[in-house]
Amino acid sequence: MPEHLDFTEAATLPCAAVTAYSALEGVGPGDTVLVQGSGGVSLFALQLARVAGARVIATTSSEKKAARLRELGASDVVNYRDTPEWGDEVRRLTGGQGADVIVEVGGAGTIAQSIKAAAYRGTISLVGHVTLGGDAEHASLDEVLLALTYNMTSVRAIGGGSRSDLEDMNRVITAHQLHPVIDRVFPFEEALDAASHLRSGAHFGKVVISH
Ligand SMILES: NC(=O)c1ccc[n+]([C@@H]2O[C@H](COP(=O)([O-])OP(=O)(O)OC[C@H]3O[C@@H](n4cnc5c(N)ncnc54)[C@H](OP(=O)(O)O)[C@@H]3O)[C@@H](O)[C@H]2O)c1
């Protein structure tokens, strides 16, 4: 683990952080990355994309979280509740170009907007499915496949990362002295409260159970 981190911080790295790192493969200076929401994976993606020299645009559900996303380095934040057609807004913010890489954590309820937000020949890194079982309208497979084809968007499925990805990422984290964003730490006895807190969506970053 990076020496400047404590165990609470380091415990957040092997899943969420290395997933974000894998999702950003190939991102460099001049690229635009879109991250969705302010959960663990998305905040790592924001931090890692910024140190790679990319511009980051974020979506979120509240003004309070938007302010914190800007503090972390997002150049622009779009509220996906106020702006359901946020894909068009991302395209407008990028002068019509769209985002080069999209870290897709929403899944079927967000992918149609992600394709609209994606640059021609851009990449959607398919990470999560937080809209599963929710009330967001889900795109049909026909709609998704047609839109991907017309926009020439690639979909890259992400399943965590390898040990060497984790080691490479830790070198980046050490070089830039990055700290994971920890929302709250719960003692082991309150593990169920930690799960409820995560489910409520009130968190910003990682929720840790200490034991
Ligand atoms: N493939 C893999 O290797 C891998 C690894 C880790 C996690 N995952 C998956 O990736 C997803 C994210 O994980 P996580 O740990 O970052 O979750 P999390 O901490 O629970 O974050 C979820 C966040 O998503 C945002 N959100 C909810 N509905 C949204 C919507 N309609 N549009 C945009 N954002 C929305 C919310 O942010 P706001 O409150 O800011 O709106 C919420 O806080 C989960 O599905 C998880 O299972 C996959």
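**View 1. Helix H3 against the strands of the sheet.** In this predicted model, helix H3 lies across strand S1 (32–36), S2 and strand S4 (99–104), and H3 runs at about 165° to S1. Such axes are lines fitted to C-alpha atoms, for helices over the stretch in contact, with angles that run from 0 to 180 degrees between N-to-C directions, and two residues are in contact if their C-beta atoms, placed from the backbone, lie within 7 Å. Helices (H or I, at least four residues) and strands (E, at least two) are DSSP runs, numbered from the N terminus. Residues are numbered from 1 along each chain as its sequence is written. As this is a predicted model, local features need pLDDT of at least 70 and side-chain atom pairs count only at pLDDT 80 or more, while totals for chains, interfaces and linings use all residues.

View 2. The 6 strands of an open sheet follow the order S3-S2-S1-S4-S5-S6, with parallel pairing, where two strands pair if DSSP finds at least two bridges between them. Strand S3 (76–79) and S6 are the edge strands, each of which pairs on one side only, and from one strand to the next the twist averages 20°. S5 and S6 run parallel and are joined by 4 bridges; threonine 123 stands opposite serine 154 in S6.

**View 3. The nonpolar core around alanine 99.** The largest nonpolar core has 50 residues, of which Ala20, Leu24, Val33, Ala45, Ala99 and Val103 touch the most other members. A nonpolar core is here a set of buried Ala, Val, Leu, Ile, Met, Phe, Trp, Tyr and Cys residues joined through C-beta atoms within 7 Å, and a residue is buried if 20 or more other C-beta atoms lie within 10 Å of its own, exposed if 12 or fewer, and partly exposed in between, with C-beta atoms placed from the backbone. When neighbours within four places in sequence are left aside, the contacts of alanine 99 are Thr32, Val33, Leu34, Ile57, Val90, Thr94, Ala117, Ala118, Ala119 and Gly122.

**View 4. The shell around the ligand.** Among the 30 residues around the ligand, Gly37, Ser38, Gly39, Ser61 and Gly128 come nearest; a residue is near a molecule or strand if its C-beta atom, placed from the backbone, lies within 6 Å of it. Helix H2 (13–23), helix H3 (40–51) and strand S2 (55–60) are the elements that give two or more residues to this shell. By class, the shell holds 10 nonpolar, 19 polar and 1 charged residues, where Ala, Val, Leu, Ile, Met, Phe, Trp, Tyr, Cys and Pro count as nonpolar, Asp, Glu, Lys and Arg as charged, and the others, Gly among them, as polar.

View 5. Aspartate 82, in the loop between S3 and helix H5 (86–93), counts as exposed because it has 11 other C-beta atoms within 10 Å. Aspartate 82 and serine 61 are 21 residues apart in sequence, and their C-alpha atoms are 8.1 Å apart in space. Glycine 201, which lies in the loop between H9 and strand S8 (206–210), is exposed because it has 12 C-beta neighbours inside 10 Å. From glycine 201 to serine 38 the separation is 163 residues in sequence and 9.2 Å in space, C-alpha to C-alpha.

View 6. Arginine 121, a residue of strand S5 (residues 118–126), has a phi near 65°, a positive value in a residue other than glycine, and counts as exposed with 11 C-beta neighbours inside 10 Å. Helix H7 is hardly covered, since the count of buried residues among its 11 residues is 0. Just after H7, methionine 152 takes a positive phi of about 50°; its place is in the loop between helix H7 (141–151) and strand S6 (154–157), and methionine 152 is exposed, with 11 other C-beta atoms within 10 Å.

View 7. Valine 181 is found in the loop between helix H8 (163–175) and strand S7 (182–187), and counts as buried because it has 20 C-beta neighbours inside 10 Å. Apart from neighbours within four places in sequence, valine 181 is in contact with Leu43, Phe204, Gly205 and Lys206. Leucine 192, in helix H9 (residues 191–200), is exposed, with 10 other C-beta atoms within 10 Å, and leucine 192 and isoleucine 209 are 9.7 Å apart in space, C-alpha to C-alpha.
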